[in-house]
Amino acid sequence: MDTTPRRTSRKGNLHIRLIAAFCVLLLVAGVIPLYAVSLYNHPYYDDYGFSTATRQVWLATGDPLQVLAQAFRSAQGVRNTWQGTYTGTFLSNIQPGLFSESLYWLTTALLLTSFLLCFGFLLQTVFRRLLGAGRPETLAISSLALLLMTQFLPEADEAFFWFNGGIGNTFIYSLLALAAALWLRLGPAKGARAVWLTATLAVLFTLLGGGSYGGGLFGLLLCATGVALAFAGHQRHRFAYAALTLWFLVCFLYSISAPGNVQRAALVGAHPSAFKAVLLSFYYGVALLGNYATLPVLAVGLSLAPLLWYVARRSTYRFAHPAWVLVGSICLFCAQLTPPLYGGVFLGGGRITDTYYYSFVVLGLLYETYLLGALARRRERLGQPALRLATSVRYGVLLASICLFVLGCLGYKHSDDTLYGPQNMAGGSAALSIITGEAARYDRDMTGRELLLNDTAKRTVTLQPLAAVPEVFMADLLTPGATVDVRPMLCAYYDKDAILLEGGDAP
């Protein structure tokens, strides 16, 4: 791609439109199997544990308003006994499966759709609104970034197919992306639009304050940075930004001061001091940065470099501090790790490490743009001519990017995968489970279990282990010898005296 305007702009526009269309098709091809396989999904065990009381209310009354009231009471109880993340706790009490297990596909519909829309909106705001990129360029950039975040994330099952895990982490980061986009749009806004954006941000920060602790700290640091920049630049809404950040902090402090956090910490046991947790967050954060820099990520970064150069060079920003921005980005990334490390749960489960990966992709993309912008401004200060890439170089970059991406897909695997290949990507895994009939078998087995569990005439039921579980779904814990016995929460949820396992304690 040429990095300077050409006379044949119509031909150049056609090329970028074709590239944008191809990138969008790649993204669509990757997410369609995720939506399709969700039709076979069923509730997972913490879903039952958090929504037992709300299910009882639903069965007794059939009144959604009473279900919401019970969800609020249950969230308050969890705050006093387990954790203070009130947003995720409240929403977990109304997981779709409590109304009917056949509605659990709404989990992916909510989590994946909100993720795509919110992060897409953020990228559109940054590249189109702030940097002045055209619509095709913005579509290409956004589609490739979302492709990385949906196909190569550490644990797709915990991100998009488990309501309890995804709603408190992936969904929270989606709201954080939405808040960041609205924050940026508030800057030039005036009158009623500014009031509407401020009010919406206040609502979002109320939700984010009761979200994940890593996401809360990450968001607060982003807001603090934004406030500092607003006051340094004497921006119109600097006092509104400060007030919003203060409100975010109040909500976050309310969440971390929950009595249940103390009880949970006592159950977890020893944890590092705050100072050591900060040091560990930098140690493991830098390690994760290297771990996440896979061939597909590098391929996307390389393929977008000419386009990002063109966008950054045409923008009005000075990109004057690339070194400080790099240091700040690394600090922001590592800060997310501090709460779980301090809480004694190491880096957290897959649902939490997924959120680190989201921020890695977005921060990496933004820093690449900033760095290329800084290099473009340096050439301008030195009086050097605008950089133009020869056709052979442009095609060479494209070919190298395609080769890197294909190699990355062929060599992709998680630590627990036995083979390398694109079947380990989220979309590939979902498609394979549908094609082989694995998803259908899982659906039949789970439906059979649920028929027994919903039979009110049977106080004791015997369940069979599942024959197969799609890789993008949560692993079955209802098996003989499982490290965690999930039957007590199932007994409470379905009002059973006992649940026996065939091949285990069943006679």
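I took a cavity to be a set of grid points where a 1.4 Å probe fits but cannot get out, and by this rule I counted 2 cavities of 30 Å³ or more. The model I was reading is a predicted one.

**Entry: the largest cavity**

I looked up the largest cavity and noted a space of about 100 Å³. Of the 15 residues lining this cavity, I found His 42, Pro 43, Tyr 44, Tyr 442 and Met 474 to be the closest to its centre. Helix H22, residues 438–453, gives the most to this lining, with 3 residues. When I sorted the lining of the largest cavity by class, I got 11 nonpolar, 2 polar and 2 charged residues.

**Entry: the second largest cavity**

For the second largest cavity I wrote down a volume of about 50 Å³. Among the residues that line this cavity I listed Tyr 45, Tyr 48, Met 446, Arg 449, Glu 450 and Tyr 494. Helix H2 (45–50), H22 and helix H23 (487–494) are the elements that give two or more residues to this lining, and the largest share, 4 residues, comes from H22. The class count for the second largest cavity came to 8 nonpolar, no polar and 2 charged residues.

**Entry: the largest pocket**

I then turned to the largest pocket, which holds about 1,900 Å³ of space. Its lining has 49 residues, and those I found nearest the centre are Leu 130, Leu 184, Thr 225, Leu 229 and Leu 366. The elements giving two or more residues to this lining are helix H6 (106–130), helix H10 (170–186), helix H12 (213–232), helix H17 (322–335) and helix H19 (350–381). I noted that H12 gives the most, with 10 residues. By class, I recorded 34 nonpolar, 12 polar and 3 charged residues in the lining of the largest pocket.

Notes:
Residues numbered from 1 in each chain as written. Predicted model: local features only at pLDDT ≥ 70, side-chain atom pairs only at ≥ 80, totals over all residues. Heavy atoms only, no water. 1 Å grid on protein atoms, 1.4 Å probe; cavity = no way out; pocket = protein on both sides within 12 Å on 5 of 7 lines; lining within 4 Å. Points joined across faces, edges and corners; volume = space filled by probe spheres on them. Nonpolar A, V, L, I, M, F, W, Y, C, P; charged D, E, K, R; others polar.
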